[in-house]
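Trainee: Can you walk me through this one? I have the sequence and the model open.
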Amino acid sequence: MKNLDDLLGEGVRGRYVLVRADLNVPLDGETITDDGRVRAALPTIEKLTGAGARVVLTAHLGRPDGAPDSRYTLAPVARRLGELLGSEVALAEDVVGTSAQQVVGGLADGGVAVLQNVRFDPRETSKDDAERGQLADALVELVGTGAAFVSDGFGVVHRKQASVYDLATRLPSYAGGLVLSEVEVLRTLTGDPRRPYVVVLGGSKVSDKLGVINALLPKVDQLVIGGGMAYTFLAAMGNSVGDSLLQQDQIATTKQLLDEHGDKLVLPLDIVAADRFAADANTQVVPSDAIPQGWQGLDIGPRTVERYAEILGSAATVFWNGPAGVFEFPAFAEGTRGVARAIADSDSFSVVGGGDSAAAVRTLGLDEQRFSHISTGGGASLEFLEGKDLPGVAVLEGRA
């Protein structure tokens, strides 16, 4: 697929370049609590502005259900982007309306504008090709003849949406640096990775990860399990899990996985249990087969951290997606911190699979440079590893 270097080689000075970025950041009110995705978008934006392009960013934030919602405005993102770029970033008050037309029309060479949350327009996520096409056509009209499209929001390339897929069928289209690097890294994992190849999966539900578990088990040397989904595996082994998160309807499935791949699946040895789901809950460390009734597991225990660190320390390739516990509460963050440190300290080619895992690296104050790659797209990276065709990648490769 054509990339950013190809576009820059054609010349962009004075041209509008519509960039689909992933700026879906976590907010506390109007305060961004993790600006990792904004910073990840900078290299592509700076290359374009440095070459004199008029950059128009389209992005989403949260799930506003197809209508304007002040809780999901991109205003905090535009402010943070301006701070990081060291220049003003104009924000349109709508997606393709009067404000967008005025803001885009007023851009100078090297300028940057952000359109309002594209999911404020219901056509963005419509299942109807014609409706999505109408929005894509309106976006093309906004930037005019001679514009180009750069897809740089890896976190959304698994969605067939107007600003991801349909735009790429209407404008000369290029993969941004972020999308290109993500695809290259993930293809390393799906190709012939160096061994031992260890995958660490966390998160709350087995059902959310079942597809990628089935896809990875034949390919990995060990699959290490943490997070809330570990308790469904433990229950499938006949263990008491107390009041821990449990997917009863997945026990038969996890039991079959254990029967067929028990030599590869690695489960917790001990658990940090709590008497309630709260930051200030009473805690105790218990064996993973003896969580008391009335208590719930919220993190892996110290013996488990030691065991997982041993496995990760000898790995040549590591993929990690999903925290080991409720890392947002300090009392239950040590498992995730221990896993992250073990990966960072290893000599492996290490990939952090976006989402909560990437947030945990930053929240826990770990050095991002100690990981080979931190993905910006949790869902997209999992679907890629699962072997699914990602619409936003397929269209760039001319396969759509």
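**Strands and a helix pair**

Mentor: Strand β9 (residues 197-201), helix α8 (residues 206-216) and strand β10 (residues 222-225) form a right-handed β-α-β unit. Right-handed here means that, with the strands pointing away from the viewer, the path from the first strand over the helix to the second runs clockwise. Helices (H or I, at least four residues) and strands (E, at least two) are DSSP runs, numbered from the N terminus.

Trainee: What kind of model is it, and how is it numbered?

Mentor: It is a predicted model, where local features need pLDDT of at least 70 and side-chain atom pairs count only at pLDDT 80 or more, while totals for chains, interfaces and linings use all residues. Residues are numbered from 1 along each chain as its sequence is written, and side-chain values use heavy atoms, with hydrogens and water left out.

Trainee: How many bridges join β9 to β10?

Mentor: Four, and the two strands run parallel; pairing requires that DSSP finds at least two bridges between strands. V198 stands opposite Q222.

Trainee: And which residue is the bridge partner of L223 in β12?

Mentor: L265. β10 and β12 (residues 265-266) are paired in parallel by two bridges.

Trainee: Switching topic: at what angle do α11 and α12 cross?

Mentor: Roughly 20 degrees, for α11 (residues 302-313) and α12 (residues 334-345), with axes coming within 9 Å. Axes are lines fitted to C-alpha atoms over the stretch in contact, and angles run from 0 to 180 degrees between N-to-C directions. The two helices are therefore roughly parallel (angles under 35 degrees).

Methods. Parallel < 35°, antiparallel > 145°, perpendicular 65-115°, else oblique.
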